[in-house]
Amino acid sequence: MLQLFIVSTVLSLLANANIIGVSDERQALYQPIIGENGEKYWHCLNDTSIRLSYDQINDDVCDCPDGSDEPGTNACPNPPFKFYCRNEGHFPNYIDQFKLNDGVCDYDLCCDGSDEYKLGGCENKCKEIHRQLEEYKHNKLSFLKKASVKKERTIKIAHEKRLKLIENLRKLEQKVPELRSKCNSLKLQSENLDDADESVFDHLQDYFGGLADKVKLHKRDILHQESKLQALETILNFLSTHYNPNFNDAAVKEVIQKFQEYISNKEEEALEDIHETNQIIHQLVEKAKTMSHSGVEKVSHFTPSIPNMIRYYYQLFTSKFLPKPVVEYKSDLSSNELDHEVEKLEQELEKLQTRIQIIKDNLSADFGPDDILRAYDQLTLSKDLGGYNYRINLIQGISQDDIFIGKFKEYKDGKIYYHKGARCWNGPKRSATVEFICGEGPDLVSVSEPEKCHYFFTIQGESWCNSKTEKDLLDDFKINYDLL
């Protein structure tokens, strides 16, 4: 009977033991050991040689080196576990021991207020917080469902645009062989005619010399003008660095600001004397109009050009030093007219190849997952933030009012990078980074300048929403404390 009584007593103690701060799964580690005289004792978890009286658990004295005797206090500097909050009606959680009984209700972790069990004052808010969570999950999942539909529609648009580009590329590439063959055929016809007739350019050497002399004089004039411009810049620079800003002269300030912008974005350009150059060219045209390829008076009209001159001397060289295929061609066009037609075909071929390369570069560019940025190639976001108007085309560029911030560089790690914007005053060229978040949009939600002349934009939209797990929703949930 005595043995039965002892066993019954131990089982009763085991069933009723509940150490605060310890999860249900670990309560068994804190069950008391009953001694011969009925006293209760306990061993440190990581050192069973240390024996403590059972009432030394959570007595605010750290007796175990591993801190296992104080799971519900902050007495030990390095506790092995966090404090367990049961949070009935919501989800159990854990909180660091140093936050225990500090007078702060940490409802985001312990909605039942058990982290302040000694001081009190923290009501159990688990029911209301759980209601907020369920409402958040419902609204979030409803939005994500709609966002998924819109995102799929956007991906479809991007896919269709890509297919359209591929089809355009195929059509353009099909034109290249035919156009090149036609161009080569006309070149051969022109070469055959050149063998029989003297070129019109032989009669224009004096004019070419006059044109060269005029270009030399023009260059001298440019240097003279550049000298004057440098003198003016020196004066304005002196004014910019020595003027007194306290006078508040609006006109002077505006001139200095415009001069600073001019210096920041200054690029050296070569000016052209259009009048003089055109006069020489006009003389060449009038002379050519009165001559045929054989040197006699006017047969047909033709306007010579620099590419024609290059082609002529190239043909002259090849005709004397390189063998030509023996091909007989008959044509109603003169040699000059053939050259003119060849030039047109070559220009058309060059434009065609340029268009082909642009499409290839576009197709090879990284426009994000599922090529989704391609769907926004015609969309420009415009919004006023911080007193500035920002205009963003995701795959073209970004502007701030009339200042260019940067053009598309690359998509990398979920962000778009832009570069080669207008140069800042006394600084680098502007650049930008755009990051994306899930939300209704697309919409520009924020802009900052973390570094000089480098801007950081945040854009939200359904295209950047992804499905959420239960854990994701719980991690993203934020308590509305105004409703507690």
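**Rings and charges at a glance**

The charged end of Arg 51 sits over the ring of Tyr 41, 3.4 Å from its centre. "Over a ring" here asks for NZ of Lys or CZ of Arg within 6 Å of the ring centre and within 35 degrees of the ring normal. Keep in mind that this is a predicted model, where local features need pLDDT of at least 70, side-chain atom pairs count only at pLDDT 80 or more, and totals for chains, interfaces and linings use all residues. Residues are numbered from 1 along each chain as its sequence is written, and side-chain values use heavy atoms, with hydrogens and water left out.

**Another charge over a ring**
- Arg 26 has its charged end over the ring of Phe 81, 3.7 Å from the ring's centre.

**Aromatic pairs**
- Searching the whole structure turns up 11 aromatic pairs.
- Rings of Phe, Tyr and Trp (its six-membered ring) pair if their centres lie within 6.5 Å; planes under 30 degrees apart count as stacked, over 60 as edge-to-face and the rest as tilted.
- Tyr 136 and Phe 477 make a tilted pair, because their ring centres are 5.8 Å apart and their planes are at 50°.
- Ring pairs also join Tyr 388, Tyr 390, Tyr 455 and Phe 457 into a cluster.

- Buried means under 20% relative accessible area, exposed over 50%, and partly exposed in between (1.4 Å probe, protein chains only).
- Tyr 136 is partly exposed at 22% relative accessible area, while Phe 477 is buried at 12%.
- The rings of Tyr 376 and Trp 464 are stacked, since their centres are 5.8 Å apart and their planes are at 20°.
- Tyr 376 and Trp 464 are both buried.
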